[in-house]
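This report is a first guide for a reader new to the structure shown below. Please keep the view open while reading.

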Amino acid sequence: MLETKLYESDIRPDWCPGCGDFGALSAVKNALASLEIEPHNVLISSGIGCASNFPGFIRTYGHHGLHGRPLPVAVGAKLANPSLTVLAIAGDGDEYGIGFNHVVHTARRNHDVKLLVLNNEVYGLTTGQLSPTSVFGQRTKTTPYGSSIYPLNPLSTLLGVGATFVARGFSGQVKQLSELIQAAIKHRGFSIVDILSPCVTWNDIYDNVRSRMYSLDTVSHDRTNLHAALDRSKETEKIPLGIFFQNEDSPSFDELLHKTVNNRFPVNEVKHMTEEEKKVAISIFS
Amino acid sequence: MTDKDITIRLGAAAGDGIQSAGEILTRMLSMSGQYVCTYNGNQSLIRGGHVWFHIHAGNWRVTSLGNGIDYMLALNQIAFDEHIGKINQGGAIIFDPKTVKAGTIPAGVTPIRLPLTEIALKYDKRPLMKNTVGIGALAALLGIDRKEIGEVIQLQFGSKGKQIVEGNVNAALEGYGLAAKSFVPTKSLEFDYSKKRMFTHADFALAAGAVNAGCKFYAAYPMSPASPILHYMAINAEKMGISVLLAEDEIAAMCATIGAAYAGARAMCATSGGGFALMQEALGMAAMNETPIVVVDVMRAGPSTGLPTKTSQGDLNMMLGISQDDFPRVIIAPRNSEETFNTMGRAFNIAEKWQVPVIVLLDFGIGDGGYSTVDNLDFEEPIDRGKLLTEVGDEGTWFKRYELTDDNVSPRVLPGTPNGMFVAKTDEHDEYGHDLSDVEAGLQHAVEKRVEMMNKRMGKLTGIAVEMNLPEVAGPADADVTLVSWGSTSNPIREAMRQLWAEGVKVNSVEFCDLFPLRWKEVAKMLRKARHLIDVESNYTAQMAGLIARETGIMIEDRLLTYSGEPLEPAEVVEKVKNVLKKEIGVSVRNKAL
Ligand SMILES: Cc1ncc(C[n+]2csc(CCOP(=O)(O)OP(=O)(O)O)c2C)c(N)n1
Ligand code: SF4
Ligand SMILES: [Mg+2]
């Protein structure tokens, strides 16, 4: 295990005191230290929102980009430099709303990037509007009489599109969350960890989560069984936490690509075509 | 050697194989020492409708479509009806009287009636080979050596097996024999079978040029007329080690390109106008976090879905203004396929040296829609990655990725480098890439830093302008009329000027390939030398004239514009110049089908 202080930034998080995202930040640092991945080999790609302020609060390479777009940036970076550990970290609005298209296709193609969604079931940074995971009846500025929309179930949806690693964590349980993140990083291909991360300002769900959560480790759940995973993901009374599903039989996009095109480390590879390549390049010109 | 050239057109329904027939003929001419320039009259459908293929070939460097049609192959009725009126005196039209009813044929045009379908059916159950028979017939009119036919058909169909090749060769030779008997050529070319010329369109040239510049990452979502770039990359991915991502949309394509560039690859994406509109937020991101990328717009006629298979230069204003607020961007519009290939090394160098997005603008006319000869491909443009560090000292928690420097370019480091950590940020940021937008926003030091950061980014434009090429002046220095163009419209201008010079008209042209940023004072000096300026471009509002006015104060009021979707023809430029010399000044718009 490396020292977590290696990942310590000199920038103080600007999250509200008590925000769930602090727990997620500790868990990510702990996970990287436990797996002994040095800060310079980690890239965190985020979007826009409270959750997406993550890079910079942890000392790794960071890309703090556009609302909804952390995944495609992560996908490109991983393809260009396969030796990086690439995480995408953002909020529920970012990933399940404006950027959900990318989540579906990154999962389906099984890119070797790890998505951590800090899910507070609300648009935090824009002052608490309804998000795709806000619950039926939730009162927000945009739903003053309570929401009449049923929420998106990100886990069952992603199981449906063929995600190979699907988990849910809680930012109030840093140790367990760190373990989930470690498993996600080690997974062969795309992984998603939906992290319930309460927004104390607009949607404080700490007590609600605590009273309904249980660990999948305490029941006999077979994480290789897609149907069992779907059943668990559809539970509404209780909130299961842990790894719902994992399948390492299929290769990641990056592995397949590496086999066919042998994508190499880019820095040394920026050079002109070889004579052989030139011939191929212009063979189509005559 | 006297100048000789010829124009040929093949017309049929989509699915009749007119594209490959046109390619075969283009190849035959190129292998006989001819320069070529072609245009693909596509429709946005896969079968039916009417498509045609136009070829201009000659022993001089043709750049455009020539004048009218000398020889025509019409495989169906629309092809005959649409084009018969454009055939030149002394020209000929080949058709099968069983499928085409010839109405009145203009005087001076020879009808050549051949049993195309009947011959085709001898070699295959379906009449598909009728276009091959037609090619043979055209080859006879052109006077190409019959030996060439076998060689070219082998090249085109070799992969489909011996039987198919033989069938096609025999079908073509039969057409050749019949046509040779029924027509005495009125126009001839000068062949040199020892000179094998290469040709391609700007999409393929761009892809090849990018790969030679070290581009190893390409992302795209299919969109005409940019798709051939994607196909080229995919076909060559394995042999050349290119990572190709068929993204879920253009937003993802652009963001993945930025991710790959951030991680150190030379990365590129391409699309057409609609896809570019989706990329706009991310284009600003690349400029804001100073990630070098090359992005391509192969323009088609808009607005909105517009005419997917027709040409236009309507996206210049979009490129100048796309994405919120001011940021540095570079815009280059190569004039033809050869220049496109030779531009790509420079495009990547500018992107990396100045850490900015570089936009390359092509259009359907020279992209997917038209081949031209490529003679001089420069594979040797040196690769310059700018201030790219491979090592960083241990100087603190974060690396000063956005350090303020004299030339406004900060040292860049790639993820994976120890001690180099920073955050590439779309929020306004300080030199380490930390937010100025949250807890610091509005504080005195943050306000000052914001202004410094804007100045740093925008200040790059001054340095880049020094490296950009001024427009090329073609023709005599002393001219009564100066034609101003950018990108592909220079091509019909070049052919028009040859005709005008032959008639003693003093005309020259100022042709922009690099569009922005430029040393505008020098551009103004060039333009002020002209006695009379005519702006020639393919859009409604004369967008380049607008840019020139904005940057130099020079308003070019006399204009030749087209927004019909069809490329300009040299004859229209000739006519415009002559009218101007007769003092008929103003805006002229064309609306003729080719
Ligand atoms: C294209 C675009 N649209 C809208 C916004 C405004 N915006 C910023 S953050 C945000 C929502 C954030 O919600 P979420 O992703 O759940 O993150 P949280 O703040 O809850 O952590 C929105 C809509 C934006 N930055 N960009
Ligand atoms: S608004 Fe909510 S999500 Fe944002 S920092 Fe505050 S508590 Fe956290
Ligand atoms: Mg949220």
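This is a predicted model: local features need pLDDT of at least 70, side-chain atom pairs count only at pLDDT 80 or more; totals for chains, interfaces and linings use all residues.

Which atom of ligand 1 does a polar side-chain atom of A:Asn120 lie 3.0 Å from? Taken alone, ligand 1 exposes 580 Å², and the protein buries 77% of that. The polar contacts to oxygen atoms of ligand 1 include those in the table.

| Residue | Part of the residue | Distance to an oxygen atom of ligand 1 |
|---|---|---|
| A:Asp92 | side-chain N or O atom | 2.9 Å |
| A:Gly93 | backbone N or O atom | 2.8 Å |

Ligand 1 is surrounded by 17 residues, the closest being A:Cys50, A:Asp92, A:Gly93, A:Asp94 and A:Gly124. Helix 3 (residues 92–98) of chain A gives the largest share of this shell, four residues. Because the surrounding residues come from chains A and B, the site is shared between chains.

A:Asn120 counts as buried because its relative accessibility is 9%, and A:Val122 is buried with a relative accessible area of 2%.

In chain B, helix 12 has 16 of its 18 residues buried. A kink of about 35° in helix 12 of chain B is centred on B:Thr343. At the start of this helix, a side-chain oxygen of B:Asn336 comes within 3.2 Å of the backbone nitrogen of B:Glu338. Just after helix 12 of chain B, B:Gln355 has a positive phi of about 55°.

Notes: Residues are numbered from 1 along each chain as its sequence is written. Chains are lettered from A and ligands numbered from 1 in the order in which they are written. Side-chain values use heavy atoms; hydrogens and water are left out. The bend at a residue is the angle between axes fitted to the seven residues ending there and the seven starting there. Helices (H or I, at least four residues) and strands (E, at least two) are DSSP runs, numbered from the N terminus. Buried means under 20% relative accessible area, exposed over 50%, partly exposed in between (1.4 Å probe, protein chains only). A polar contact is a pair of N or O atoms within 3.5 Å; within protein, one must be able to donate a hydrogen and the other to accept it, and residues adjacent in sequence count only if both atoms are side-chain atoms. A residue is near a molecule or strand if one of its heavy atoms lies within 4 Å of it. Accessible areas come from the Shrake-Rupley method with a 1.4 Å probe; for residues, only the protein chains shown count as cover.
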